[in-house]
Structures are given as structure tokens and as C-alpha cells.
Amino acid sequence: MNGGMKDKVAAVFGIANHRSIAYGIAQALKEAGVRLALNFQNERMGKSLDKLTGDLGDPWRRECDVTDEEAVQSFFAAVREEFGGVDYLVHSVAFAKREELGGNFVDTSWDGYEMAQHVSAYSLIRLCRHAAPLMEGRDGSVIALTYYGSEKVVPNYNVMGVAKAALESSVRYLASDLGPKGIRVNAVSAGPIRTLSASGVGGFTSMLDIVAERAPLRRNVTTEDVGKAARFLLSDQASGITGQILYVDAGVSIMGM
Ligand code: NAP
């Protein structure tokens with residue numbers, strides 16, 4: 001089953017290691033025959049990426065810090081040269097300073113706020129701006145990764161909750177802007193998964209315990225669960241869906257008590 005995705009091209013941002021959600025998505029896309037173009041943030045991360053991309057068939061990859069306009073421009077210029085265009089864009093990138101992911105939200109610094117917004121929310125707009133011309137005539141599809149802390153208060157998620165709210169709103173504005181060009185933009189709201197980024201959120205282990213106890217499916221989700229849903233949203237199977245947030249969280253977000 002490849003859902004018509006064979007030989008499509010996906011630019012995937014956000015693989016740090018084999019636990020990354022983007023890694024699960026890249027695996028799901030690879031299974032469907034999609035050709036991958038990966039980013040790494042800097043040379044050090046590039047070396048660790050080299051070690052784990054074997055499983056993904058040694059895909060094309062380039063350095064690209066999403067806060068750097070020129071770097072993003074050159075990344076997509078290189079993608080155009082290598083692949084001729086792009087069909088899918090995966091934004092699985094976020095960052096907040098550790099000190100902002102605990103304590104009182106009212107103490108959020110401007111620097112911390114700005115950085116979280118730039119890396120975790122504005123970067124989606126920037127990536128879409130550079131990817132959209134490469135999607136012309138290709139029914140492009142974009143997904144971003146978000147979390148429930150955007151809409152309800154989750155202790156310690158703080159500045160990242162506000163960044164995710166901006167990200168989700170950006171998904172809707174981008175969907176409206178890019179829809180006339182045939183480009184769809186959606187987000188997957190994933191339940192908590194133990195990754196490098198997640199380990200920075202205070203009390204993360206207890207979040208996993210609470211989900212396993214209260215979610216309708218009585219378990220946490222995996223990067224495989226998220227990968228399959230992401231592949232669906234990117235594919236033509238989701239051709240009528242845009243501007244939406246799809247919850248892949250074992251159902252925990254439907255529970256009131
Ligand atoms: P992860 O493995 O740590 O991935 C985060 C990625 O963001 C890393 O590859 C990181 O690269 C990259 N990144 C950070 N700053 C960057 C920059 N300036 N330029 C380019 N790349 C940058 O963690 P993850 O949990 O898979 O996170 C992926 C996405 O899922 C994030 O949007 C996160 O908020 C979201 N999410 C996670 C969970 C969860 O519980 N894990 C739940 C819902 C949503 P470096 O390692 O090089 O910094």
C-alpha cells in the first residue's frame with residue numbers, strides 16, 4: 001500500500017534521533033515509497049543524523065536552521081536542484097529554553113518568548129513561503145506537529161503552549177492562503193511521547209502516566225501512530241482536508257475529568 005505516494009518528494013524537518021516524531025513520520029513515508037529530503041540544524045547534528053539515516057535508505061540531507069531565512073532559501077533551492085520540486089513538507093521542529101518550561105508562566109522572559117515563537121511557530125510560515133513555489137502543480141501538502149497545551153493549560157508547558165497556539169492559528173491562515181494553489185496545510189496534535197524535546201518539559205514522566213491511566217485507549221501513543229496519521233494527512237487520501245488539527249493522542253483530549 002503506498003496510497004499513490006510512490007516517488008513523491010517530502011522535505012522533513014526535525015529528525016534529531018531515532019526517537020524523534022519526525023523519524024517516525026519519515027519511516028512511514030519511506031514505507032510508501034516517498035523520496036526524502038532531510039534537514040539538520042548544524043554540523044554536529046548532521047554527524048549524528050548520518051548514523052541513523054541508514055534505516056531510511058541514506059536520504060538526501062542538508063544543514064538548515066529554520067530561524068535563518070537564507071539557510072531556508074538555500075535549502076529549498078538545493079531541493080529544487082536535486083528533485084525538481086517538492087510534494088510534502090513536514091514541520092516537526094520546536095524549541096524553548098529549559099528555564100521557560102517550568103515555574104510560573106507570568107515570569108516568561110521576552111527572549112524566551114521570542115525564541116519559542118521563532119523556532120516553533122514562525123518557522124512554519126517561513127518554510128511554507130519557500131516550499132510553496134516548489135509545490136506548484138503538484139497538490140502539495142504540509143503538516144506541522146502540535147500539542148494540546150495550545151488550548152488548555154498543561155503545567156510547565158508554559159511558553160510552548162502559547163507558541164503552539166500561534167502555530168495552530170498559522171496552520172489555518174496558511175491553509176486559507178495556499179488553498180487556491182492546491183496546497184493543503186494541517187497539523188497533528190500528538191499525545192506526549194518521550195523524545196529529546198519532551199524531556200525538557202518539567203514533570204513529563206507524570207504526563208505519560210496520566211495519559212496511560214485516563215486515555216480511552218489506556219496507553220500512550222508512539223511515533224509509529226503519529227507517522228501513520230501524518231502519512232494519511234499528507235497523502236491524497238486526505239484530499240478534502242485542510243486547516244485542521246488531527247488529534248493522535250489515544251483519545252485523551254476528549255476526556256473532561
Ligand atoms: P525532537 O526529537 O527533539 O525534535 C525536535 C527537532 O527540532 C530536533 O530535530 C531539533 O534539532 C529541531 N530544531 C530545534 N530548533 C531548530 C532550529 N532552529 N532549526 C532547525 N531545527 C531545529 O522532539 P519531538 O518531540 O520529536 O518534537 C517534534 C515536534 O513534535 C515538535 O514540534 C514538538 O513540539 C511536537 N510534539 C511533541 C510531542 C512530544 O510529546 N514529544 C507531543 C506533541 C507535539 P536539534 O536536535 O538539532 O536541536
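This is a predicted model: local features need pLDDT of at least 70, side-chain atom pairs count only at pLDDT 80 or more; totals for chains, interfaces and linings use all residues.
Residues are numbered from 1 along each chain as its sequence is written, and local features need pLDDT of at least 70, while side-chain atom pairs count only at pLDDT 80 or more and totals for chains, interfaces and linings use all residues. Side-chain values use heavy atoms, with hydrogens and water left out.

Helix α4 (residues 110-131) and α5 have axes that come within 9 Å and cross at roughly 20 degrees; axes are lines fitted to C-alpha atoms, for helices over the stretch in contact, and angles run from 0 to 180 degrees between N-to-C directions. Helices (H or I, at least four residues) and strands (E, at least two) are DSSP runs, numbered from the N terminus. α4 and α5 are therefore roughly parallel to each other, given that angles under 35 degrees count as roughly parallel, over 145 as roughly antiparallel, 65 to 115 as roughly perpendicular and the rest as oblique. Residues in contact (heavy atoms within 4.5 Å) include Tyr-113, Leu-124 and Cys-128 of α4 and Met-160, Leu-167 and Leu-178 of α5. By class, this contact of α4 with α5 has 15 nonpolar, four polar and no charged residues, where Ala, Val, Leu, Ile, Met, Phe, Trp, Tyr, Cys and Pro count as nonpolar, Asp, Glu, Lys and Arg as charged, and the others, Gly among them, as polar.

Helix α4 also meets helix α3 (residues 69-83), with axes that come within 9 Å and cross at roughly 35 degrees. The crossing of α3 and α4 is right-handed. Glu-69, Val-72, Gln-73 and Phe-76 of α3 make this contact with Arg-126, Leu-127, Arg-129, His-130 and Ala-131 of α4. The contact of α3 with α4 comprises four nonpolar, two polar and three charged residues.

For helix α1 (residues 21-31) and helix α7 (residues 223-234), the axes come within 8 Å and cross at roughly 55 degrees. That angle makes α1 oblique to α7. Among the residues in this contact are Ile-21, Ile-25 and Glu-31 of α1 and Val-226, Lys-228 and Arg-231 of α7. Seven nonpolar, three polar and three charged residues form the contact of α1 with α7.

Pockets and cavities were located on a 1 Å grid over the protein atoms alone: a cavity is a set of points where a 1.4 Å probe fits but cannot get out, and a pocket is an open set with protein on both sides within 12 Å along at least five of seven lines; lining residues have an atom within 4 Å of a point. Grid points are joined across faces, edges and corners, and a volume is the space filled by probe spheres set on the points. The largest pocket holds about 1,200 Å³ of space. Of its 43 lining residues, Ser-92, Val-93, Ala-94, Phe-95 and Ser-197 are the closest to its centre. Its lining has 25 nonpolar, 13 polar and five charged residues.

The second largest pocket has a volume of about 490 Å³. Tyr-147, Tyr-148, Val-154, Ile-210 and Arg-214 lie nearest its centre among the 20 residues of its lining. One cavity of 30 Å³ or more is present in the structure. Residues lining the largest cavity include Tyr-147, Tyr-148 and Asp-249.

Conventions. A crossing is left-handed if the near helix is turned anticlockwise from the far one by less than a right angle, and right-handed if clockwise.
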